[in-house]
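Let's walk through this one together, from the overall layout down to a single residue. Keep the viewer open as you read.

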Amino acid sequence: MKVVFKIYRFNPKIDLEPHFDVFNVEVEPTDRILDCLNKIRWTMDSSLSFRMSCAHGICGSDGLTINGQAALACQKLVKDFDYSQEIVVEPLRYFDVVKDLIVDLEPFFKRIKSINAQRIPTALIVGDAEKERVQNLEERSEFDDALKCILCGCCYSACPVITEQDSDFVGPAAILRAHRYIFDSRTTDVTERLAVMQKPHGIWGCKSYYMCTVVCPKKIKVTQAILRTKKKIILEQQPKSE
Ligand code: SF4
Ligand code: SF4
Ligand code: FES
């Protein structure tokens, strides 16, 4: 069957403005959107640029906006969309476009690194190298979900705080990464890590819109992790009873 793909194009070397190109592609309903993009690149227009690597939802390279929602192109099938209509493929929102569907993810990785901006020593890394730090299954389950993050950037592209209110907001994936350490029973610097979260443009910018959770391709309960971290901050600030 033929499906129409409307694809965002922008080549800064020759284009003054972005535009859309339309491709009529022979595909199967079970084809992944990534397969369709590859088919276009291999058989119709070799100049079409997009990122991909693993093609199996592991590397986080192919986050795109597909019919208005952030998603991995390798996880979405043609039949996930109303393919009687055109399927619109655009770059991840919020990020600057490098070329066509490729965006500059540097601001995203900067935020992830910013949660460690003070170079807080972590018992996981520093600590006593001779000593085994035992953790039981229950303790491990406290941050298991956060370990699934593949740093795809989809949550940043979907978060209304980042896209509409505060473009410097540290953002969901960075808070999730902080949560991963804060709730790890082996971490010794929890108070310092909670303090980093409270810096300007930090955790309190999150308004619980849940869009990060909706789009996360690894189905991580991102908003829940953010709310747990906020609760931990509030509990830490309460005077400790003797
Ligand atoms: S829950 Fe917070 S981080 Fe997630 S989309 Fe909403 S405002 Fe952004
Ligand atoms: S939290 Fe989910 S959407 Fe955000 S970067 Fe990680 S995997 Fe991607
Ligand atoms: S190509 Fe690696 S996650 Fe899609």
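The protein chain has nine helices and seven strands, taking helices (H or I, at least four residues) and strands (E, at least two) as DSSP runs numbered from the N terminus. Keep in mind that this is a predicted model, where local features need pLDDT of at least 70, side-chain atom pairs count only at pLDDT 80 or more, and totals for chains, interfaces and linings use all residues. As for labels, residues are numbered from 1 along each chain as its sequence is written, while chains are lettered from A and ligands numbered from 1 in the order in which they are written.

Now take the contacts in the chain with a separation of 6 or more: 66% of them come from residues 24 or more positions apart. A contact here is a pair of residues whose C-beta atoms, placed from the backbone, lie within 7 Å.

The chain is assigned domain 1 (2-103) and domain 2 (106-237), with bounds that come from an automatic or database domain assignment. The C-alpha centres of domain 1 and domain 2 are 30 Å apart. Where they meet, 15 residues of domain 1 and 13 residues of domain 2 take part in the contact. On the domain 1 side, β3 (63-66) and β4 (69-72) are the elements that give two or more residues, and β4 has the largest share with four. That side of domain 1 splits into eight nonpolar, six polar and one charged, where Ala, Val, Leu, Ile, Met, Phe, Trp, Tyr, Cys and Pro count as nonpolar, Asp, Glu, Lys and Arg as charged, and the others, Gly among them, as polar.

Next, the ligands. Around ligand 2 there are 16 residues, with C149, C152, C155, A173 and C216 the closest; to qualify, a residue's C-beta atom, placed from the backbone, has to lie within 6 Å of the molecule. Both α4 (154-158) and α6 (172-182) supply at least two residues of this shell, and α6 has the largest share with three. By class, the ligand 2 shell holds 14 nonpolar, one polar and one charged.

Ligand 1 is surrounded by 13 residues, the closest being C159, P172, C206, Y209 and C212. Here α8 (211-215) and α9 (222-237) each bring at least two residues, and the largest share, three residues, is from α9. The ligand 1 shell has 10 nonpolar, two polar and one charged residues.

What about the largest nonpolar core? It has 59 residues, and C154, C155, I175 and V215 touch the most other members; such a core is a set of buried Ala, Val, Leu, Ile, Met, Phe, Trp, Tyr and Cys residues joined through C-beta atoms within 7 Å. Its largest share, seven residues, comes from α6, and each of domain 1 and domain 2 provides at least three. Neighbours within four places in sequence aside, V215 contacts Q69, A70, A71, C154, C155 and A158.

Finally, find C36 in helix α1 (residues 33-43). Why does C36 count as buried? Because it has 24 C-beta neighbours inside 10 Å. Beyond residues up to four places away in sequence, C36 touches F5, V25, V27, D31 and V78.

Key:
Contact = placed C-beta atoms within 7 Å. Buried ≥ 20, exposed ≤ 12 C-beta atoms within 10 Å, placed from the backbone.
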